[in-house]
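Subject: Structure for you to look at

Hello,

Here is the structure I said I would pass on. Please open it beside this message, and then read the notes below it.

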Amino acid sequence: MHPLLKRQLKKVGLDETQPPTAQQWAALRDHVAETYGQADQDRYMLERSLAVCSEEMTELYEDLHRRSEDALARRTEELEQGLALATAIQEGVMHGIVVVDKDGNVTFMNTRFVDLMRVPAELHTPTTKIADVIEHCISLAMDPALARAGVLAIRADEGIHASDDIVLADGRVIDGSTGPVVMKDGAVRGRLWSMRDVTDERKLAAQRLIVAERLAAVGQLVASVAHEINNPLAAILGNIEFVAEQLGGRTSVGPEVGPALTDARDGLERIRLIARDLRMLSRADDETHEPVDLNDVMESALHTAANQLRHRARIVRELTPVPLVEANDSRLHQVFLNLLVNAAQAIPEGRANDNVIVVRTEVDPSGNVCATVRDTGAGIAADQLERIFDPFFSTKPIGVGTGLGLPIVKGIVEGFGGKVRVTSQLGKGTSVTVELPRAADQSRSADTAVISSVREARKAILVVDDDQLSRRWIERALSREHVIFAVGSVDEALEALQARAFDVIFCDVMMPNRTGRDLYRHLEQTSPAQLARFVFMTGGTFTDSLTEFLESVPVPTLDKPMSVDDLRAAIESIDARERRMQQL
């Protein structure tokens with residue numbers, strides 16, 4: 001019996017060893033027919049399910065395909081835009097750029113590089129090697145051997161960053177720099193070279209250096225001249241004051257003597273102001289900031305520029321009391337002197353009655369202190385106004401200005417934390433406003449005190465000054481009130497100090513052989529108590545070290561030429577200091 005038949009017989013409960021009856025055969029037939037019908041139905045449902053799944057899979061595939069194509073299109077567009085932007089940047093910069101892969105193939109070379117280095121057509125192709133480009137660049141150098149040595153040093157280390165100037169045979173100076181192209185994993189995939197023409201920048205730097213050296217030389221000369229003027233000026237002015245004081249109201253010497261002395265003193269006072277302003281202008285350009293009176297500095301600048309101003313315009317002062325500003329008086333003097341000279345040069349000579357230069361100080365609504373210089377000169381065109389702070393740009397005729405005045409002004413003022421504002425109208429004039437923050441400390445430290453109405457007892461005073469005229473007038477002016485010992489050198493002063501102590505020591509700063517600083521340092525070691533009685537006198541220091549020394553020691557300083565009242569006030573200030581120390 002067939003195995004399949006046996007299984008079917010078991011399913012309907014028949015014994016396979018016994019032949020089925022007709023009824024059993026009929027039951028078996030019905031069961032088989034039913035089984036086949038069920039199988040056909042199952043096959044149909046399976047085929048239907050497969051068909052539905054196939055349709056769904058097809059739709060899913062088409063949707064995924066469409067999405068992937070859209071994403072790919074967007075990504076491709078982004079990459080193309082990024083590449084276009086990168087190319088535009090590389091082509092738009094002022095640098096010549098070359099990108100090299102790790103095998104030394106040039107993958108990009110911008111037009112600026114081609115023009116800058118005169119690259120021939122055969123070297124900007126897809127197969128160009130960087131070695132060939134480098135050799136071409138070396139051939140343009142003024143010193144090919146030096147240029148080749150630098151390149152070999154760079155190529156020996158693929159990770160090196162380097163930059164150097166290359167001087168070409170045609171006189172141009174190229175600033176070359178290079179660095180590796182490093183991926184996120186740290187792998188070096190190539191190198192980028194950048195070249196920039198810095199010929200004009202190097203020339204400008206050289207010109208600035210020359211100007212700075214000239215200004216430094218002029219400053220040294222002015223300081224030296226001011227110092228030499230101040231010594232005899234101090235003696236002359238002091239002696240005139242002494243004579244006037246001795247004459248008092250007496251008329252026996254003639255009615256013209258008094259006015260003559262007054263005129264002489266006024267003339268000397270003008271010379272003193274000029275010497276003071278020259279000394280302020282020539283001081284070392286340090287970065288020391290201290291509370292400064294804007295009005296005092298403006299007045300000093302007006303004195304310095306008076307000769308240029310008086311022939312071109314009337315000066316209108318609108319100076320109001322303003323808070324102190326945190327600045328440096330010599331550099332601020334330079335700012336206002338530059339602005340006043342610019343204002344004068346904008347006005348033709350011979351029309352002083354028709355033009356004015358207004359100087360104004362005020363406090364703006366924000367609390368900053370402002371100083372304005374306004375002229376009625378030629379003015380500045382609108383298209384030139386935005387360039388006035390560019391170095392070496394000038395609206396003046398050739399030979400009149402260097403184009404450095406306003407850039408220097410801007411640099412100094414911004415160094416103090418301030419701002420410079422310029423407004424101008426062609427044919428009507430220019431206004432320049434300097435805005436500075438007020439100083440945190442609004443107190444002024446005075447080197448000398450107010451003269452006491454009660455004269456102290458006679459004091460022993462040592463005067464140390466190499467200028468004989470200065471020694472004589474100080475001795476003459478103070479000898480009626482005090483005992484004066486006048487010497488001409490530090491060595492003589494040391495001998496006098498060994499013999500006795502002094503109540504006050506007036507010491508000149510600049511002297512031959514040994515200076516006032518040497519005497520001060522010696523007393524620091526041997527007799528520090530005498531330092532509290534020290535008063536320096538100076539006609540101007542023209543060495544940086546002496547200037548720094550005066551600023552670092554707590555000693556009053558009298559600027560030559562000084563008056564008899566200045567000497568008396570200095571003596572009184574030392575007495576007041578000793579009284580305060582005794583009270584403590």
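In which sense do strand E10 and strand E12 pair, and over how many bridges? They pair in the antiparallel sense, over six bridges. Strand E12 covers residues 429–436. Please keep in mind that this is a predicted model.

Strand E10 also has a partner in strand E9, which runs over residues 356–363. The pairing of E9 and E10 is antiparallel too, with seven bridges. These two strands form a hairpin, and five residues lie between them. Gly367 sits in that turn and has a positive phi of about 95°.

In E10, Thr372 is the bridge partner of Arg360. Thr372 also has a bridge partner in E12, namely Thr433.

How much of E10 is buried? Strand E10 spans residues 369–375, and six of its seven residues are buried, so the rest of the structure largely encloses it. Buried here means a relative accessible area under 20%.

Now for the chain as a whole. It has 584 residues, of which 37% count as buried. Its secondary structure comes to 17 helices and 17 strands. Among contacts with a separation of 6 or more, 63% are between residues 24 or more positions apart. The chain exposes about 33,300 Å², and 54% of that area is supplied by carbon and sulfur atoms.

Regards

Key:
Residues are numbered from 1 along each chain as its sequence is written. This is a predicted model: local features need pLDDT of at least 70, side-chain atom pairs count only at pLDDT 80 or more; totals for chains, interfaces and linings use all residues. Side-chain values use heavy atoms; hydrogens and water are left out. Buried means under 20% relative accessible area, exposed over 50%, partly exposed in between (1.4 Å probe, protein chains only). Helices (H or I, at least four residues) and strands (E, at least two) are DSSP runs, numbered from the N terminus. Two strands pair if DSSP finds at least two bridges between them. Contact means heavy atoms within 4.5 Å. Accessible areas come from the Shrake-Rupley method with a 1.4 Å probe; for residues, only the protein chains shown count as cover.
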